[in-house]
Amino acid sequence: MITGGLDLGAGAIKGVLLEDGRRILATASVPSRGIPIQAARQVLDELGETANIAPGDIDYLCTTGFGRYTIPERNLQVSDFTSSARGAIFLFPGTRLVVDIGTQASRTMSVSETGRVLKFKMNEKCAAGAGRFVERCSKYLQVPLEEMGPKALASGHPKLISSVCAVLAETEIINNVSEGVPLPDILMGVFLSLSQRAYSLMRYVGIQPEITLVGGLVRNVGMVKAIHDTVGMDVNVAPDAYYAAALGSAFLGHSRLLKLGQAAQGTRG
Amino acid sequence: MSVVVAGVDLGSTTAKCVVLGEDSQILGKSLSVVGVDIVKDAERALEAALVDAHIPRSDVAFITGTGYGRYKVYFGQLVVTEISCHARGANFLYPGTRLVVDIGGQDTKAIRINEKGEVVDFAMNDKCAAGTGRFLEVCANALGYDVGEIGPLSLQARRAVKVTSTCTVFAESEVTSYLSRGKDPKDILAGLHASIANRTLSLMQRVGVEPEITFTGGVSQNQGMVSALQRRLGAPINVNSLSQYLGALGAALHGRERITGGAE
C-alpha cells in the first residue's frame, strides 16, 4: 500500500511517498513560487520517478500546509499541526515537543505518546520569527541562503538583535555591518533572534524532552545550533525532518486507508 | 541678547531643523535624510537651517534636540522627547489641536494634548514597522515606485484591494501577489493606505479621538494618507507643508520657554 503526503507550504512544496505506513520510498521538494498547484504536480512527478511508480499507483493522497485545499486529486487534508507532529513522531518516537519553523510561520506543539497534539502555539502574523526573515537577511547581507548556517558556526561573540520587527532589524543589521561586526557574529545573531522567538512559543506549550525540530529551517546548521543553545537541551534533528509535515500526512493517509478497509470489511461481514 | 532658538529633530529616517526668531517666526528650516553617522547628520541639519535663515551660528542662543536620535544632538543644551515636541509644535500651528497623530519613518504615535499644548495621554507603536513610513516605503518599492509618488497615485484608485497582512514583510508579499494577479497598482496602493489608516485609527482610539486632529511627521506629506485618514475618521484633519517640521518646531519652542523661564 503506497500513500502520498504533500505539504503545500509558503516557501516550498514538499512530498513523501510511504509504503505500508513504514518505509519512506521517496522525498521531493520544489519552491512554491506563487503557483502551488504547478509545483505540487512537479513534486508528484519527481516522487514517482524516484520510487519508480506511476501516479495511479498512489493509493491515497493526503495534503497539508497553507495550500492543502488547492489539490483536487487529494483524498484527505490535515492541518499543519497534526501532520508535522505526526512526522516528528515517525522520525523520533520519543518526541514530546515539536518545533516547526517554516518560511511564513513558526509553531510548537506538545504531543502525547500516541502522537496526539496536546497544546500548540503559532506565530503567523509577523515575519520576525519565520524563515522569511532569514531569506531577507541572506539578500541584503549577500550571503547565499545555504551558506548562512555554516558561516554562522564560526561566530565567537554573536551580535544579538534588539529589534523585534524583521524590517527594523534590517536597519540594525546594516548598522552592525558598517560598524565592522564580523559576519559570522551577525549571522548567528539572526539565528538567535529566531530561536528566542521560538523559545517563547515553546515555553507556552511546555518544554520537555525529547524535542524534535522540523520544517523549512531544520537543514540550516546555524538555526539548529541557535535552538540548541537557547533551549540548553539536546534537540532531535534528521535530514528527513525537513519533510516532516509531508511525511506525517502520508502516515495519516495510511492510517485512514487502514480504517476505511476495516470499515468496509466490517460492513461486508 | 539675541533670542534666536533652534530645534533639531533627529528622526529614524530624516533630520529636521527649525530656527525661530524673536517673535517665534520661522527664520529657516532644513530637512535631510539621515545615514549611519547621525551625530554628523544632526550638525548638517543645523547648518543647513542656518544657511536657509541667513544667520551665523553665533546668533543662536539655545538649541534643543528631539527625536529618536535626540541624545546624539551633542551641540544642544536641552533634550526633550518627540512626544512633547510634536504636542507643542501642533499647538503652536493649530491652537485648537486636541489630538496629534504623528506618523514617522519608523514609528506611529497618537498624542492627546490640552489647550496649552501639554501632553495628556499618548499611545505609540515603535516595536514594529507596520503602519509607519517604512511600511509605505517597502510596499512602494515592491510596486516599483518611489515613496513620494504613491500618495497621489492611490487617490486615482477605482476599487481599493483589501490588504490583510499587518506585518510589513508579509504585506510586501501580498502586494506582489496582487500584482501577479493583474490588479491595478493604484488599487493596491489605495488598499495599503486604507490599511494604515485603520491601524492608525485604533491607536488614536486608545487615547480618545477628539477634534481638532493635527497630522504631523513625514507621512503627513502623503496626500493619499491624509485622504485615507480623513475618510476613516469622517472628519477633517489639520495638515500643511510645515507638518513634517512640527517636532523640530516644538523643540525650538521648548528651548525658548527654558531661556525665558516660561514667561512669554
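**View 1. Chain B splits into two domains.** The domain assignment of chain B places residues 1–94 + 245–264 in domain 1 and residues 97–237 in domain 2. The model shown is predicted. Between domain 1 and domain 2 of chain B, the C-alpha centres are 26 Å apart.

**View 2. The two domains of chain B meet.** Here 17 residues of domain 1 of chain B contact 18 residues of domain 2 of chain B. On the domain 1 side, two helices of chain B each supply at least two residues: α2 (82–93) and α8 (246–260). Helix α2(B) provides the largest share of that side, with nine residues. By class, the domain 1 side of this contact in chain B holds seven nonpolar, nine polar and one charged residue.

**View 3. Chain A also has two domains.** Domain 1 of chain A covers 2–79 + 245–268, and domain 2 of chain A covers 93–237. Their C-alpha centres lie 28 Å apart in chain A. Four residues of domain 1 of chain A touch five residues of domain 2 of chain A. The domain 1 side of that contact in chain A consists of two nonpolar and two polar residues, with no charged ones.

**View 4. Helices α4 and α7 of chain A cross.** Helix α4 of chain A spans residues 145–152, and helix α7 of chain A spans residues 221–231. Their axes come within 6 Å and cross at roughly 45 degrees. From α4(A), the contact takes in A:M148, A:G149, A:P150 and A:A152. From α7(A), A:V221, A:G222 and A:M223 take part. The contact of α4(A) with α7(A) has five nonpolar and two polar residues, and no charged residues.

**View 5. Chain B touches chain A.** In this contact, 14 residues of chain B face 13 residues of chain A. Which elements of chain B give two or more residues to its side? They are α3 (133–142) and α5 (168–180) of chain B. Helix α5(B) gives the most to the side of chain B that touches chain A, with five residues. By class, the chain B side of the contact with chain A divides into seven nonpolar, five polar and two charged residues.

Technical notes:
Residues numbered from 1 in each chain as written. Chains lettered and ligands numbered in written order. Predicted model: local features only at pLDDT ≥ 70, side-chain atom pairs only at ≥ 80, totals over all residues. Domains from an automatic or database assignment. Contact = placed C-beta atoms within 7 Å. Nonpolar A, V, L, I, M, F, W, Y, C, P; charged D, E, K, R; others polar. Helix = DSSP H or I, 4+ residues; strand = E, 2+ residues; numbered from the N terminus. Axes fitted to C-alpha atoms, helices over the stretch in contact; angles between N-to-C directions.
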